[in-house]
Amino acid sequence: MDKKLLLINPVNTRLISSSGKKFKAFSQPLGLGIVAALTPDDWEVEIIDEHIKPFEYQEADLVGLTAFTESVIRAYEIASLYRERGTPSVLGGIHVSMLPDEALQYVDTIVIGEAESVWAKVIADFNAGRMQRVYRGERQDLKGVPQPRRDLFHSDYSMGFIQTTRGCPNNCEFCSVTIFNGRQYRRRPVEKVLDELETIPQKYVLIIDDNLIGHGKKEEERVLALFQGIIDRGIEKHWHCQASLNFGENEDLLKYAAKSGCQLVMFGLEAEDIPALKEANKKVNLKVGVSNYEEIFDRIHQHGMGVYGSFIYGFDSDTPEKLRRRTDYILKSGVDYAGLSILTPLPGTRLFNRMRDEGRLLYTNFPDDWCHYGFDRVSHRPALMEPEQLTDIFRESTQLVYSFETIKRRFEKTLHATQNISLALLLQQLNLTQHDFAFAL
């Protein structure tokens, strides 16, 4: 009889508004899909994503969970439920890798780092009845990473996810990616990426690399080969990606990205303010220069693609006046879709360590208080304003950026800049989704 492996992606239970509405984040749990692919055929595997389907207890031989910081308390709750019934659980992901001692209080086994190098050992030890408390995954090249078990993903995901690289050479103070995945780019073979793209059923695809383009000639050649491969194989997808601003400085990249189906390029702009960029250690942004942002946006628009800009509120150099200017910049800029967040100190980052050492964390009753570290509320004491001021300005700003009037105006600007009606309609829909979030804060 097959054994049952239950893989769970928990939700932050605080993501319930006063009206009782849950805001769903339809991000496919690729990591769980890869773990499922690495599991032997004599196991029955099921994936539950609480962003779509609430967890309900069911029998299993082994339970695997992943969790970000804001959802880790929910992971602990589910693991404890199975522990009470004698079912072993395994927890992995960024949070547990940063705070393994905390996690070991609530789960039987943890995986620190990337799971691919140790999952076969976890299964073998389970079968032998001698599971260890801690497994340490090593960073490996990505040639042997299998395609995720997409057949186990819920049908409600409107967008498929794929990864072509891991690692990021940037070292932003607030980011834990470098700590978890390393500062060196590790690349999947282009042909394997193309093979996987052909299996994704969704029309829209997000390439989840932290920086698709990377830095240097070698990385440019890799992404050009990827774009050319999509064209040559006739893979008809509308795809989105994250990149650094140098993406907009290479005409060949822009040309072939658009030709291969790129619709939206996401940039971590963070701020239009030099002191804030220096504080965040956004070296690429500083090198390009804030005064050149609009020129890059224009180049992208000329190829019929849109610009997603993410912005952070709450740097130490921020004042209420500066933040209102940031909002004005977003409203007037060529950004077609903006993502606003509050500076959030995540465990393991230099930002967290600094805020902790300076006694500036507002919530320190861990693990219960990790639910407050979700980018939409203030979790630290700002340097130049009160936490309540930052909260009020963030709410005010999101409601301005996502008001119906602003969304209508942005639609018209996008259509005029790109001459791409399907893109303008898509971005309008994305902005309308954010409207619901902004007015529930």
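What follows is a dialogue on reading the features of a predicted model.

Student: Before we start, what kind of model is this?

Tutor: It's predicted: local features need pLDDT of at least 70, side-chain atom pairs count only at pLDDT 80 or more, and totals for chains, interfaces and linings use all residues. Numbering runs from 1 along each chain as its sequence is written, and side-chain values use heavy atoms, with hydrogens and water left out.

Student: How many helices and strands does the protein chain have?

Tutor: Helices here are DSSP runs of H or I with at least four residues, strands are E runs of at least two, and both are numbered from the N terminus. By that count, the protein chain has 17 helices and 14 strands. Its radius of gyration is 22 Å, close to the 22 Å from the globule rule for 441 residues, so the chain is as compact as a globular protein of that length. The radius is taken over C-alpha atoms, and the rule is 2.2 Å times the number of residues to the power 0.38.

Student: What share of the residues is buried?

Tutor: Buried means under 20% relative accessible area, exposed over 50%, and partly exposed in between (1.4 Å probe, protein chains only). Of the 441 residues, 56% are buried. As for contacts (heavy atoms within 4.5 Å), 73% of those with a separation of 6 or more join residues 24 or more positions apart.

Student: Now charges. How should I read a salt bridge?

Tutor: Side chains of opposite charge can pair when their charged atoms come close. The cut-off here is a side-chain nitrogen of Lys or Arg within 4 Å of a carboxyl oxygen of Asp or Glu. The structure holds 34 of these.

Student: Where do Lys-121 and Asp-125 lie?

Tutor: Both sit in helix H5 (residues 119-127), 4 residues apart, which is about one turn of the helix.

Student: Which residues are linked in a network of salt bridges?

Tutor: Glu-173, Asp-316, Arg-354, Glu-358 and Arg-360.

Student: What about the backbone? Which residues does a cis peptide bond join?

Tutor: Most residues other than glycine have a negative phi, and most peptide bonds are trans. In this model, a cis bond joins Phe-366 and Pro-367, with omega about 10 degrees. Pro-367 lies in the loop between helix H14 (350-357) and helix H15 (387-401).

Student: Where is Phe-375, and what is its phi?

Tutor: Phe-375 is in the loop between H14 and H15. Its phi is positive, about 75 degrees, although it is not a glycine. At 34% relative accessibility, Phe-375 is partly exposed.

Student: Is Glu-270 buried or exposed?

Tutor: Glu-270 is buried, at 7% relative accessibility. This residue is found in strand E12 (residues 262-270), and its phi is positive, near 70 degrees.
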